[in-house]
Amino acid sequence: MRDRVLLGGVIGVMLLAGCRAPAPARYAADFHESAPGWLLPRDPRFQARVEEGRLILTLQPARTVAWAFSPFTFREGQVEVEGTLLEGPSSADYGLVLEAGPGRLYRFAVSADGYYGIFLYERGAWRTLVDWTPHEAIRAGRTTNHLQVRCERGEMAFRINGVEAARIPRDPREAGGRVGVSVGTMAAGEARVGFDRFLAVRDR
């Protein structure tokens, strides 16, 4: 078992309100020039910016998790992204976030030292769904991992580099919501993660 406490202290990044329009069934972002629809703040603790064709999240405080939401929403569907630890300790982690409803979200993350975890944020606190677990599909170190989450009916499936890592039950009555990316820190020291090839598809 990995000696790690549940991430505490949350810095959320919310979307700017936009004009209503017919919702597309597919959203893709390669971040070559910008991140339309994403709010990219500059904060002493957390920064998000587009640089060298990637969305880069930088987080400083230890034992903290932060996220940025895309403009895309779904109740059932699939979201995926490529993430790379660019700088920081090997305990730094990164991954996907999916809203389950107002004030609730799922977080699926991998760490640069080969662990993954699945968590639910609700009512200001984190709940562990799958504790930090080593997985052979994770590419350790400062390299790229492809992460994917599939939400369908009463189930969520989580894949790492094409390999299914876990399935968990999901309340089919959940409203769903926005999807995005996140970064987390365990040890002291700045963590910098680059995201690319973000893709989300809505079934409903």
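Q: Where is the place of Asn-161?
A: Asn-161 sits in the loop between β12 (155-160) and β13 (163-169). Strands (E, at least two residues) are DSSP runs, numbered from the N terminus. This is a predicted model: local features need pLDDT of at least 70, side-chain atom pairs count only at pLDDT 80 or more, and totals for chains, interfaces and linings use all residues. Residues are numbered from 1 along each chain as its sequence is written, and side-chain values use heavy atoms, with hydrogens and water left out.

Q: Why does Asn-161 count as buried?
A: Buried means under 20% relative accessible area, exposed over 50%, partly exposed in between (1.4 Å probe, protein chains only). Asn-161 has 18% relative accessibility, so it counts as buried.

Q: What makes Arg-63 partly exposed?
A: Its relative accessible area is 43%, so Arg-63 is partly exposed. Arg-63 lies in the loop between β4 (54-59) and β5. Its phi is near 55 degrees, a positive value in a residue other than glycine.

Q: How do you know that β5 (residues 64-74) and β14 pair?
A: Two strands pair if DSSP finds at least two bridges between them. Here 8 bridges join β5 to β14, and the strands run antiparallel. Phe-69 stands opposite Gly-180 in β14.

Q: What makes strand β14 (residues 177-185) mostly covered?
A: 9 of its 9 residues are buried.

Q: Which residues have the most contacts inside the largest nonpolar core?
A: They are Tyr-116 and Phe-198, in a core of 49 residues. Such a core is a set of buried Ala, Val, Leu, Ile, Met, Phe, Trp, Tyr and Cys residues joined through side-chain atoms within 4.5 Å.

Key. Helices (H or I, at least four residues) and strands (E, at least two) are DSSP runs, numbered from the N terminus.
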